[in-house]
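Dear colleague,

Please find the structure below, with its sequence. My notes on what was found in it follow directly after.

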Amino acid sequence: MIDSSSSLDSALEYARKLREYAESAKDDLLIVMRVYFEKPRTTVGWKGLINDPDLNGSFQINKGLRIARGLLLEVAKMGLPAGCEFLDTISPQYTADLVTWGAIGARTTESQVHRELTSALSMPTGFKNSTDGSIGIAVDACRAARSGHVFLSVGKEGLSSIVETEGNPDVHVILRGGSKGPNFAAEYVRDAGQKLAKAGLPQKIMIDCSHGNSQKQHQKQAEVAEDIAKQLESGDTANYIMGVMIESNLVEGRQDIPASGPAGLKYGQSVTDACINWETTVPVLERLRQGVRGRREQIHNYIKNIIEEWDLPGIAVGLVRRDSMAPTGWYQEFASYGIAKADGTPVTPDTVFAIASNSKLFTALGTGLLVSNETLKKERGIELDWSTKAKDVFGDLWELWDDEAERRTSLQDMLSHRTGLPGHDVANIRSLRYLRPSAEFREHWQYNNLMYDSLAYLPQLLLNESFSSYMEQHVFGPLNMSSTTYSVAEAEKGLMADGFIHSGQDQKLGLNGVQKPIVPFFLRPGNENDYAGSAGVLSSARDLTTFLAMLLSTGKHPFKNRTVIPPEIVEYTATGTSTFGNPKLANFPELSVAVYGAGQIRYSYRGHEIVEHNGGVPGFDSWVSRLPNDNLGIVLLCNDERSMNALSAIKWRLIDEIVVRAASPNASLVDWIPRYKAIETAAKRRRATFTPRPKYPPLPNFPFGLPERRVYSHGAYGTLAPCLAFAPREAGTRCQAVLESLPVQRILNITDFSVPTFIMPLTGVWTTYLRLSHFSGNLFNASVLWTNAEARLEEGLGAY
């Protein structure tokens, strides 16, 4: 926060310089210009522009108020926030609507009147420590100002009034040093933070570089700022420090008001406290920027370390949080790491990733829009609610293996994964009747993509409109999510990333595979609709932060005052209806038990509530998370299918830094990397631990050649035609063509040829082949395999 002088021309010149610098530094610093109109005095002296605008003892207060408000208006028109110290308890009625930040000085912090005044102010306000340097009265002042008060004052009409306030939640302490010496060093910051925590107050501290901290030597402000920058970089006290104050002007030093009055003043020099000049101010601010970047670099380095640990190609990060100071009302920040494509194209905030099961929330919201569609009710006589039975909506399309589930399943059951069906991940709504359930209807939560894919048929059934067109019209378009689509063809024309997999991995054999890009994408133009509801959305970090801001606004457009999704739909889809995962035990001590609503998981992390989902398809992983009570949204996208734990570790670190330490700056940072590495190591160990095939296994009760001579069929899985590998056969047969194809040859290269093995094509979302290796008697080990080799050949891309 920067000081201005009593000269309006010099103040505006300073504001223009500061506005230009603030724009260039906005990614690191939020700069507020100190426009002080009142000067507290230990004894007597000039009391400021409002009290005596002509600096001659004429005390033209009416004129002073007009000048003050006029100057604040001019500064506001530049787009520069202004800060003021509030000394008089009446004048804020004339200026407070133009003030972004307020201060209560060291001489008035203990005043009950000023604590009551602060409780009525509509902006963040800092209380300075006492003139001797102790902070106890400032802490007490914060506690008092956060509470509501009733007191006698003057209303907006200028009449005596009884004023009732609600309290100011955004108060903080300012360390300004005192007669006992400076208090800007880390030990004082840490002590102040502990005192605030003990008082149950937010541990946010501003440091005044001037006054007692500079020992009233204005040049020493740069030394104080240097120490603060080092604290920001060290991370020890960085989370306590929320701002600094600097006394700065166009010209260095200060001057007394000459007997000749304003005409004798030096242009651009303070008539109160001595200031550093503009040429000194810029390097001081630049050093503070370095400190901020140094602190941020700790997070960047953590993410880079994770990328190296997991050998990931690229990651896009998006953060969004409501911020009244931002031009749009929302603060958005993006970070991009690594490559989007095999050719080295870098990841950017606009790189398009497959967000996989994070698509489910879009499907749930689309279903909610149909539930709230009044036209369906009035013109077509179709009335939907969350409890509407699927059979009543889908008609003859809806047939399940289990009669009770077929009869009783509602839209909510489909959204909450409680139909009894496991994750078959094959076919579509027309083949549900062929899929055997693995649990009773509503017995427990079982993840199932097919229910969401089935719900994507609703717009076509009810409105004769495709699901993708419906979502474009009602969600993507209104939010201007211009990079978001269900169309693979459209995404591949733009900034679609290459997904990466580890080709040839077999954890049973200890093969990690070779990292290769999936080109083309595993879904091809024309077959996206079958999987649109569960995993079809292709989007970018930039678009998804806008989407999260809408959700944090309970359905309102974040930048325009209009509703995109009715608030009751946003709330309903986030409300848990099924217990997710282990219903009795959380995975880690920082986590709570989780519930599942409609395309969203809800639980708490270190006392902070999270609503989120993750997603993974061949080549891509994602997290889309929001903390509704902390007003924060996080998007994490990666073009590697083995990155889910890595992205989780990044998510927790961001939450620790942004939210947990905001509440408790000395809270520990949980190191999730070794935790997830231990989980993955244990998982590999389990997969590599298996019952060995007997040395002399009994043969099956049928000849190995028999299955190849037969064709098996299933209503959902289609035709299954096994081919016996490593066996002689006549040329030109079906199985010869299958076994000599490029993808199968690659499969056979990592197959034990001493074991009788069948290969059969199996077309599914994540499958292209099924491998059956003989174990003993009529038992075979089954391996599900996926390859895009055929798709590459079909599209003229050649073999890897």
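In which strand does Ile162 lie? Ile162 belongs to strand β6, residues 160-164. Helices and strands are DSSP runs, H or I of at least four residues for helices and E of at least two for strands, numbered from the N terminus.

Two remarks on conventions come before the rest. This is a predicted model, in which local features need pLDDT of at least 70 and side-chain atom pairs count only at pLDDT 80 or more, while totals for chains, interfaces and linings use all residues. Residues are numbered from 1 along each chain as its sequence is written, and side-chain values use heavy atoms, with hydrogens and water left out.

Overall picture

The protein chain contains 25 helices and 27 strands. Its C-alpha trace spans about 115 × 60 × 50 Å along the principal axes. Of the 800 residues, 53% are buried; buried means under 20% relative accessible area, exposed over 50%, and partly exposed in between (1.4 Å probe, protein chains only). Among contacts with a separation of 6 or more, 63% are between residues 24 or more positions apart, a contact being heavy atoms within 4.5 Å.

The chain exposes about 34,900 Å², and carbon and sulfur atoms supply 50% of that area. Accessible areas come from the Shrake-Rupley method with a 1.4 Å probe; for residues, only the protein chains shown count as cover.

Ile162 is exposed, with a relative accessible area of 71%. Together with Val150 and Leu152, Ile162 makes a nonpolar surface patch of about 370 Å². Patches are made of residues with over 30% relative accessible area and no salt bridge; like charges are joined within 9 Å, and nonpolar side chains (Val, Leu, Ile, Met, Phe, Trp, Tyr) within 5 Å.

Arg146 is placed in helix α5, residues 136-146, and is partly exposed at 32% relative accessible area. Arg146 and Gly167 are 21 residues apart in sequence, yet their C-alpha atoms are 4.5 Å apart in space. Leaving aside neighbours within four places in sequence, the contacts of Arg146 include Glu166, Gly167, Pro169 and Leu201.

Salt bridges

Side chains of opposite charge can pair when their charged atoms come close. A salt bridge is taken here as a side-chain nitrogen of Lys or Arg within 4 Å of a carboxyl oxygen of Asp or Glu, and by this rule the count comes to 35. Three of them are described below.

- Asp191 pairs with Lys195, with the closest N and O atoms 2.7 Å apart. Both residues are in helix α6 (residues 186-198), and because they are 4 residues apart, about one helical turn separates them. Asp191 is partly exposed at 33% relative accessibility, and Lys195 is partly exposed at 38%.
- Lys391 pairs with Glu406, with the closest N and O atoms 3.6 Å apart. Lys391 lies in helix α11 (residues 390-394) and Glu406 in helix α12 (residues 403-408), so the pair ties together parts that are 15 residues apart in sequence. Lys391 is partly exposed at 28%, whereas Glu406 is buried at 17%.
- Lys651 pairs with Glu612, with the closest N and O atoms 3.0 Å apart. Lys651 lies in helix α21 (residues 644-663) and Glu612 in strand β19 (residues 608-617), so this pair ties together parts that are 39 residues apart in sequence. Lys651 and Glu612 are both buried.

Beyond these pairs, salt bridges that share partners join Asp28, Glu286, Arg289, Arg293, Arg296 and Glu333 into one network.

With kind regards
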